[in-house]
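My notebook is open and the viewer is loaded. I'll jot things down in the order I look them up.

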Amino acid sequence: MDWPALKGALAADDFDNGRTDHELAISFKRSFASVFARDDQAVVGTARVIADGVCNAYLLDVWTAASHRRQGIGASMVRALLDTVPGHHVALFTSDHTDFYRDLGFAEERVGMSLVAGKWLGRFDPPAP
C-alpha cells in the first residue's frame, strides 16, 4: 500500500482527519478487517472495522473517491466487512450520507457518547462534534 498516496487522495477529497500516512497505516493494520478498492493502481475506496471478535464492532473510514461514487463501491466494501463480523452489533458515527447507511440496513440510534482522551492524535484539539 502506498500510504503517502492514499493520504494525499484522502486530503484531496476532503476526507483527511489529520493522521499522518504512518498513522493511517497503523490504523488500518490494527483493524479487525479492512478493504480497499482500486482503479488500476490508485486506491479509490477504503473501509475498515474494528471488533472484539465476539459481539461488538465499529465501522469507520468508509471513503470512496468522488470520481468513483454511486457505482456500488462503498456498499460492496461495507458488505464485505459486515461479512467478517457475523453476530456483532456494528456501530458507526456519522451525520453524512445517512441514506447510504440506511440502505445497507443501519438504523439511527439517538443515544451515544464519546470523548477524545487528551488531545486528538496526541497533538491537536479534538475535532468539533
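This is a predicted model: local features need pLDDT of at least 70, side-chain atom pairs count only at pLDDT 80 or more; totals for chains, interfaces and linings use all residues.

Entry 1: I started with Asp16 and Lys7, whose side chains meet in a salt bridge, 2.8 Å from N to O.

Entry 2: I moved on to Glu108, which has a salt bridge to Arg102 with the closest N and O atoms 3.3 Å apart. Glu108 also has one with Arg110, and there the closest N and O atoms are 2.3 Å apart. Arg110 comes out as exposed, at 74%. Salt bridges with shared partners link Asp99, Arg102, Glu108 and Arg110 into one network.

**Entry 3: the sheet.** Which order do the strands take? I read off β1-β2-β3-β4, an open sheet of four strands with mixed pairing. The edges are β1 (33–39) and β4 (89–91); each has a single partner strand, so one side of each has no neighbour in the sheet. From one strand to the next, the twist averages 20°.

**Entry 4: β2 with β3.** I followed β2 (residues 42–51) and β3 (residues 56–64), which pair in the antiparallel sense over six bridges. Two of the partners I wrote down: Ile50 goes with Tyr58 in β3, and Thr46 goes with Trp63, also in β3. The two strands form a hairpin with four residues between them. In the turn I found Gly53, with a positive phi of about 80°.

**Entry 5: β3 with β4.** Here the pairing is parallel, over three bridges. Ala57 has Val90 in β4 as its bridge partner. I also traced the path through helix α3 (residues 73–82): β3, α3 and β4 make a right-handed β-α-β unit.

**Entry 6: what covers β3?** I counted how much of β3 is hidden, and seven of its nine residues are buried, so I noted the strand as mostly covered. Then I looked at helix α1 (residues 3–12), which packs on the sheet and touches β1, β2 and β3. The direction of α1 makes about 75° with that of β3.

Note on methods:
Residues are numbered from 1 along each chain as its sequence is written. Side-chain values use heavy atoms; hydrogens and water are left out. Two strands pair if DSSP finds at least two bridges between them. Axes are lines fitted to C-alpha atoms, for helices over the stretch in contact, and angles run from 0 to 180 degrees between N-to-C directions. Contact means heavy atoms within 4.5 Å. Buried means under 20% relative accessible area, exposed over 50%, partly exposed in between (1.4 Å probe, protein chains only). A crossover is right-handed if, with the strands pointing away from the viewer, the path from the first strand over the helix to the second runs clockwise. A salt bridge is a side-chain nitrogen of Lys or Arg within 4 Å of a carboxyl oxygen of Asp or Glu.
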